[in-house]
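Could you walk me through this structure, one selection at a time? I have it open in a viewer and would like to know what to click on next.

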Amino acid sequence: MTLVSRILGFVRDVVLANLFGSSAGADAFFVAFKIPNFLRRLFGEGAFSQAFVPVLSETKSVQGEGAVKELVNHVTGVFGLILFVVTLIGVIAAPLIIMAFAPGFIDEPDKFDLAVQMLRITFPYLFFISLVALAGGILNTYGHFTVPALTPVFLNLSLIGAAILLAPRMAQPVVALAWGVFIGGVIQLMFQLPALWRIKHLPVPIPKWRDPGVTKIFKLMLPALFGVSVAQINLLLDTLLASFLVTGSISWLYFSDRLMEFPIGILGVAVGTVILPRLSKDHALTEPQAFSDTLSWALKLIFVLGMPAFVMLIMLAGPMLSTLFQYGAFSTDDVVKAAMSLQAYSLGLFGFLAVKVLAPGYYARQDTKTPVRVGIIAMAANMIFNLILIWPLQHVGLAMATAGAALLNATLLWQGLRSEGVIQPGAGWMKFFIQISLAALTMAFFLIWQTPDLAIWHQWSVSDRVLRLAWLLVVGAVIYLAMLWLSGMRQKDF
């Protein structure tokens, strides 16, 4: 279901690139969308989910269904009230927020006013989507992953519909995208409710601040607000600095980040989402070996599937961006510039993936402080890298700095789990890395041999680009898997 959602996300971005390109209006929208989206990852998928699911799993395992129902009702009441207040403040203070997160817009009044207008429309998305994350946490705890994973499809459909149907009817067409975000948030929340009703846990919001479970969740959530979303904070800092660069820089970073999000979403987010309830249960039942085995399995999975994604993102950055986005307002120069930042982001792919898997190893044990300490170090490193690299490399330097910070973040999280004895990798890892490295090199040689120069790619028709890209991706993947099999890797190894 995550794969379906990500593919539809590409369709959405093809439509946006075709209609709006890397214009000033597109830059303004991406800022207006990124701010509530960033807060959503803090309040919703990020800190809240990582604090909520372990406590809910513990309550379910130890106290039973009655206690779960009470906890869900009380958390929904308190969390919903907080979200409403934050959303109201965000709408009122939209000009100040744009000044803070995109100060480069201040010298361009039209661009600044447009960003403020759209932020006021998109900010309520935070309220709806954070409640979606709460609903998803309940469903995941009960082993229901399909509905939460499919839910993002509706945001993509809403944005596509707004771009095609609503934009032509508006004085400022790009504002239609902001309304698409708002409508998408409402639909996503509505889609969760029947699934919650079927498992008899449709919340009745009752704000009870002194509920021990609520207190515990928010106590765990406060440090996690920072720690779990370091990558997103780094991306937001990229946007802030990019607002001082030439027009188009924010859009180039957005479209390259979108391609990066594809493997991160399918592998990192999906695997991290699936293992968190399992890890929480293992911890609650005091089963350290099972806990370690689950983490080791998840790491092997992201490495074996992340390796071909890494090679393809590096070697096919230009062809992929050209095939997906080079239509209408998205120019050849946009493809070249976005490809450069995509290759830079790709250097940190394994860092991004590993953080999604390693962080639950802390949150499942209700340790939210260690990821915060690691996150502070990673974010400080990102800012230093940014300041060093932005002047010589412009937007590419920002992407490279984010990649470096992600690798540092993952390394420190791994070292922490190892030093505490939480994860014990066991034998066979050296052989495993040799196997995937040889398979990746073989695939890389094939891609070098079969990929034409980007200048030639630009001249092809849409169908020629799609067919050649599909050929490279499919045959490259087959070669990779065949080499893994020839090297002795089998399904039982996982």
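**A tour around helix α21**

Helices here are DSSP runs of H or I with at least four residues, numbered from the N terminus, and contact means heavy atoms within 4.5 Å.

A word on the model: it is predicted, with local features needing pLDDT of at least 70 and side-chain atom pairs pLDDT 80 or more, while totals for chains, interfaces and linings use all residues. Residues are numbered from 1 along each chain, and side-chain values use heavy atoms, without hydrogens and water.

Next, colour by pLDDT, the predictor's confidence in each residue from 0 to 100. The chain mean is 86, and 96% of residues reach 70 or more. Among the elements, α19 has the highest mean (94) and α11 (residues 230-242) the lowest (70).

Now show the side chains of R465, L469, L472, V475, G476, Y480 and L484, which are buried in α21 (under 20% relative accessible area, 1.4 Å probe, protein chains only). Just past the helix, click on G488, where phi is positive, about 105°.

Finally, look for the second largest pocket, with about 740 Å³ of space. Of its 25 lining residues, F262, I266, A309, M312 and L473 are the closest to its centre. Helix α21 gives the largest share of the lining, eight residues.

Technical notes:
Buried < 20%, exposed > 50% of the residue type's maximum accessible area, 1.4 Å probe, protein only. Helix = DSSP H or I, 4+ residues; strand = E, 2+ residues; numbered from the N terminus. 1 Å grid on protein atoms, 1.4 Å probe; cavity = no way out; pocket = protein on both sides within 12 Å on 5 of 7 lines; lining within 4 Å. Points joined across faces, edges and corners; volume = space filled by probe spheres on them.
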